[in-house]
Amino acid sequence: LSTVAVYLVLRSSKEGSEWTPILLAGWCLGLSAFAEYVAAFMALPLIVYLLRACGRRCAYVFGAGVFTGPVLHLFFNFVAFRSPLVFPESLKPHESEGLLDRFDIAGLPGHLLAYLVSPYRGLLLLSPVLVFGIYGLYRMIRNAAIRRDGWLFVGLFLSVVIPYSMWWDWS
């Protein structure tokens with residue numbers, strides 16, 4: 001769903017189409033955050049991209065679409081657990097911490113390095129095709145016609161890799 005959201009944002013910004021695909025992109029991203037919370041962080045680079053590509057109206061429409069995901073999630077929690085603020089992760093045995101307490105900003109540099117180049121979980125070692133992606137991003141950013149798209153992909157990558165690198169359970 002998050003990939004569909006990125007596709008719809010890129011297509012809509014290029015074609016200058018109506019607001020419906022942008023709202024659908026927001027819905028897709030909001031619903032993907034329902035399953036994977038980190039997807040919600042992708043909204044920030046997409047909103048910045050929309051602000052620069054087609055203005056505030058597009059960014060507001062997209063943001064309204066994204067907002068439906070958390071609303072549905074809170075409604076689901078209310079129906080399932082009788083409280084909108086009870087998340088399934090808090091019901092696991094021996095889990096007393098809240099969701100935000102599971103992130104450790106102090107561990108970010110070491111975890112980021114491990115996430116990228118560790119022999120056990122390093123993205124660049126386990127998926128060497130990503131090196132070509134880095135080269136592609138370099139080429140996109142150097143090309144004036146698609147520079148904005150290149151920076152969007154850099155922002156999307158960082159919006160995923162940074163929260164995952166701050167996750168506490170790396171030991």
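Serine 159 is buried, with a relative accessible area of 9%; buried means under 20% relative accessible area, exposed over 50%, and partly exposed in between, with a 1.4 Å probe and protein chains only. The residue belongs to helix α8, residues 147-166. Helices here are DSSP runs of H or I with at least four residues, strands are runs of E with at least two, and both are numbered from the N terminus. The side chain of serine 159 reaches the backbone oxygen of leucine 156 at 2.8 Å. Beyond its neighbours within four places in sequence, serine 159 is in contact with Val38, Phe41, Met42 and Pro45, contact being heavy atoms within 4.5 Å.

This is a predicted model, in which local features need pLDDT of at least 70 and side-chain atom pairs count only at pLDDT 80 or more, while totals for chains, interfaces and linings use all residues. Residues are numbered from 1 along each chain as its sequence is written, and side-chain values use heavy atoms, with hydrogens and water left out.

Turning to the whole protein, there are 8 helices and 0 strands, in the order α-α-α-α-α-α-α-α along the sequence. The C-alpha trace spans about 50 × 40 × 25 Å along its principal axes. Of the 171 residues, 32% are buried. Among contacts between residues at least 6 apart in sequence, 59% join residues at least 24 apart.

The protein carries 13 positive and 10 negative side chains, and the centres of the two sets lie 14 Å apart. Lys and Arg count as positive and Asp and Glu as negative, without His or the chain ends; each charge is placed at NZ of Lys, CZ of Arg, CG of Asp or CD of Glu.

Technical notes: Polar contact = N/O pair within 3.5 Å; in protein donor to acceptor, adjacent residues only side chain to side chain.
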